[in-house]
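Here's a quick briefing to read with the structure open beside you.

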Amino acid sequence: ADPAELVRADHSDPPSLTAACGGARKAFVVSGGEGIGLEPNVFDAAKVAGIEHVVRVSALEVEFPEVAATPLGQWHLEAERRLRGSGVAWTLLRPSYFSSNTRLPFIVDQREGRAFLPTGGGKEAPIDPHDIAAVAVVALTNPGHEGETYLLTGPELLSFGEMMAKLSATLGRTIRHVAASEDDARQHLLALGIPTPYVQSLLSHFRAVSAGRVYLTSTVSRLLGRPARSFDDWLRENAALLRGA
């Protein structure tokens, strides 16, 4: 197969986006942080360039009231609104908590041997990013996914205590979940240099987890024709990487 063609563009530079979209029929859009708020520029460029279908990664948590009002929630919801109104066919992927968040040092501090998080006994539905990518491929390469919003989760609900026990077994040393208060977690995250809007959004996510908002769906297995990959699957595949962290 021909190698992929690499093009560069800037979310804040519409002409560069239009040029980057030229010649493509479909687009997969995933951003982080403040880049989410600039995604409408991508959708406008896609429309101008004649792209027929955009598949966008959003987040399951935007429907949780604790998160919807946060900067992250607002960026995602506004981007979703703008995509739906763009005149380009769309598919929205709303995944749950990524299994790969385990590698983020502000989530799991391996040096300290702890996850200092205000989640109580609340549970996540960790999803392997490979499954999000696989669903995106299905939506981009098969008809019938236009206008769909897919709620994507892993196959099981796990507390951070349960996830840290599994991580500990993989690493061969103990990583504890410390159930921090929200105030202590806020000070900890700010001290790490995480900007206030992200701290606010993270804490609201954990508040929703504590409230039991997270649930499971069978969408991944339905679309892929196989079981969703578990947190254990992700740990097994990434064991060497985690041990070297």
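In this predicted model, the largest pocket has 28 residues lining it. Lying nearest its centre are Glu-61, Leu-72, His-76, Asn-101 and Leu-202.

**The largest pocket**

- The volume of the largest pocket comes out at about 720 Å³.
- Two helices to look for here are helix 4 (71-84) and helix 8 (196-210), each of which gives at least two residues to the lining of the largest pocket.
- Which element supplies the largest share of that lining? It's helix 8, with five residues.
- Sort the lining of the largest pocket by class and you get 17 nonpolar, nine polar and two charged residues.

**The second largest pocket**

- The second largest pocket holds about 500 Å³ of space.
- It is lined by 19 residues, and the ones closest to its centre are Val-7, Ala-20, Cys-21, Ala-27 and Phe-28.
- Helix 1 (14-21) and strand 1 (26-29) are the elements that give two or more residues to the lining of the second largest pocket.
- Here the classes split into 13 nonpolar, three polar and three charged residues.

**Salt bridges**

- Side chains of opposite charge can pair when their charged atoms come close.
- How many salt bridges does the model have? The count comes to 17.
- One of them joins the side chains of Arg-94 and Glu-63, at 3.7 Å from N to O.
- That pair links distant parts of the chain, with Arg-94 in strand 3 (residues 89-95) and Glu-63 in the loop between strand 2 (53-57) and helix 3 (65-68), 31 residues apart.
- Arg-94 has a relative accessible area of 11%, so it counts as buried, while Glu-63, at 38%, is partly exposed.
- Arg-94 and Glu-63 also belong to a network of salt bridges that includes Glu-80 and Arg-84.
- Another salt bridge pairs Glu-66 with Arg-213, and their closest N and O atoms are 3.0 Å apart.
- This pair also links distant parts of the chain: Glu-66 is in helix 3 and Arg-213 is in the loop between helix 8 and helix 9 (219-224), 147 residues apart.
- Is Glu-66 buried or exposed? Its relative accessible area is 16%, so Glu-66 is buried, whereas Arg-213 is partly exposed at 35%.

**A salt bridge inside one helix**

- The side chains of Arg-236 and Asp-233 meet in a salt bridge of 2.6 Å, N to O.
- Arg-236 and Asp-233 are about one helical turn from each other because they sit three residues apart in helix 10 (residues 231-237).
- An α-helix has 3.6 residues a turn, so residues three or four places apart point the same way.
- Arg-236 counts as exposed, with 59% relative accessibility, and Asp-233 is partly exposed, with a relative accessible area of 24%.

**Helix 5 and its buried side**

- Helix 5 (residues 129-141) has 13 residues and reaches 18 Å from its first C-alpha to its last, close to the 18 Å expected at 1.5 Å a residue.
- Which residues of helix 5 are buried? They're Asp-131, Ile-132, Val-135, Ala-136, Val-138 and Ala-139.

Note on methods
Residues are numbered from 1 along each chain as its sequence is written. This is a predicted model: local features need pLDDT of at least 70, side-chain atom pairs count only at pLDDT 80 or more; totals for chains, interfaces and linings use all residues. Side-chain values use heavy atoms; hydrogens and water are left out. On a 1 Å grid over the protein atoms alone, a cavity is a set of points where a 1.4 Å probe fits but cannot get out, and a pocket is an open set with protein on both sides within 12 Å along at least five of seven lines; lining residues have an atom within 4 Å of a point. Grid points are joined across faces, edges and corners, and a volume is the space filled by probe spheres set on the points. Helices (H or I, at least four residues) and strands (E, at least two) are DSSP runs, numbered from the N terminus. Ala, Val, Leu, Ile, Met, Phe, Trp, Tyr, Cys and Pro count as nonpolar, Asp, Glu, Lys and Arg as charged, and the others, Gly among them, as polar. A salt bridge is a side-chain nitrogen of Lys or Arg within 4 Å of a carboxyl oxygen of Asp or Glu. Buried means under 20% relative accessible area, exposed over 50%, partly exposed in between (1.4 Å probe, protein chains only). The expected span of a helix is 1.5 Å times one less than its number of residues.
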